[in-house]
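Subject: Structure for you to look at

Hello,

Here is the structure for your files. Please open it first and then read the notes below it.

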Amino acid sequence: MEKSKRLRHVLLAGAAAALLAAAAGFLCAYLSGWIQFNQPSRERFPLRGVDVSSYQGDIDWEALRRQGVSFAFIKATEGSGSQDLRFADNWQGATNASLYAGAYHFFSYDSPGETQADNYIGTVPRQAGTLPPVVDVEFYGDWEKHPPGRSEVEPELKALLNRLEEGLWRQADPLCHREGLHPLFAGGL
């Protein structure tokens with residue numbers, strides 16, 4: 001019985017040592033850049049960009065440029081009356097760092113599409129060389145548990161996109177998150 005107890009302790013110590021060695025090896029591989037998370041192939045995806053809002057706080061745009069980031073989509077507005085508190089600073093920082101800048105609008109299910117477009121148009125500067133507007137469409141709050149149907153969303157989203165195109169002279173693109181809206185718009189908008 002004493003031998004089996006000792007053998008169990010040796011096996012447990014060996015397993016703990018192997019686990020510790022594997023963790024140390026993984027950490028070294030990560031820190032040296034051999035393992036990278038959320039880093040798709042540069043060969044297949046040579047352009048790198050970021051999506052930012054006030055939640056990221058102060059952003060070192062020059063550091064992003066040095067890391068190979070070439071474009072940024074910056075949150076500008078939400079719904080009919082909300083503007084991102086850091087939009088102007090982020091827009092200026094991105095353009096000063098010579099990044100291609102685009103602005104996005106967070107779609108609200110609680111206000112008309114046309115007034116949401118007016119909010120965006122009144123907030124985002126019209127500048128040559130900027131990326132087209134993007135509308136971030138995702139479920140949030142109670143809408144996650146009780147999502148609206150296509151018949152409720154489509155008219156307001158179309159009104160928003162049409163008004164953006166009229167007011168900005170370019171096509172806007174809806175960005176739908178996999179978790180929610182894909183089933184609503186799988187057949188197109």
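Helices are DSSP runs of H or I with at least four residues, and they are numbered from the N terminus. Please keep in mind that this is a predicted model, in which local features need pLDDT of at least 70, side-chain atom pairs count only at pLDDT 80 or more, and totals for chains, interfaces and linings use all residues. Residues are numbered from 1 along each chain as its sequence is written, and side-chain values use heavy atoms, with hydrogens and water left out.

Glu 165 is in helix H6. Its relative accessible area is 30%, so Glu 165 is partly exposed; that term covers values between buried (under 20%) and exposed (over 50%), using a 1.4 Å probe and protein chains only.

Helix H3

In helix H3 (residues 87–96), the buried residues are Phe 87, Asn 90, Trp 91, Gly 93 and Ala 94. Seen down the axis of H3, they fall within an arc of 165 degrees, so they line one face of the helix. The arc is that of the directions from the helix axis to the C-beta atoms. Ala 88 and Asn 96, on the other side of H3, are exposed.

Salt bridges

A salt bridge is a side-chain nitrogen of Lys or Arg within 4 Å of a carboxyl oxygen of Asp or Glu. How many salt bridges does a search of the whole structure find? The search finds 7.

One of them joins the side chains of Lys 75 and Glu 78, at 2.6 Å from N to O. Lys 75 counts as buried at 8% relative accessibility, whereas Glu 78 is partly exposed at 29%.

Another joins Asp 89 and Arg 86, at 3.7 Å from N to O. Asp 58, Arg 86 and Asp 89 are linked in a network of salt bridges.

Arg 163 forms a salt bridge with Asp 118, with the closest N and O atoms 2.7 Å apart. Arg 163 lies in helix H6 and Asp 118 in helix H4 (residues 113–123), so the pair ties together parts that are 45 residues apart in sequence.

Regards

Terms used: Helix = DSSP H or I, 4+ residues; strand = E, 2+ residues; numbered from the N terminus.
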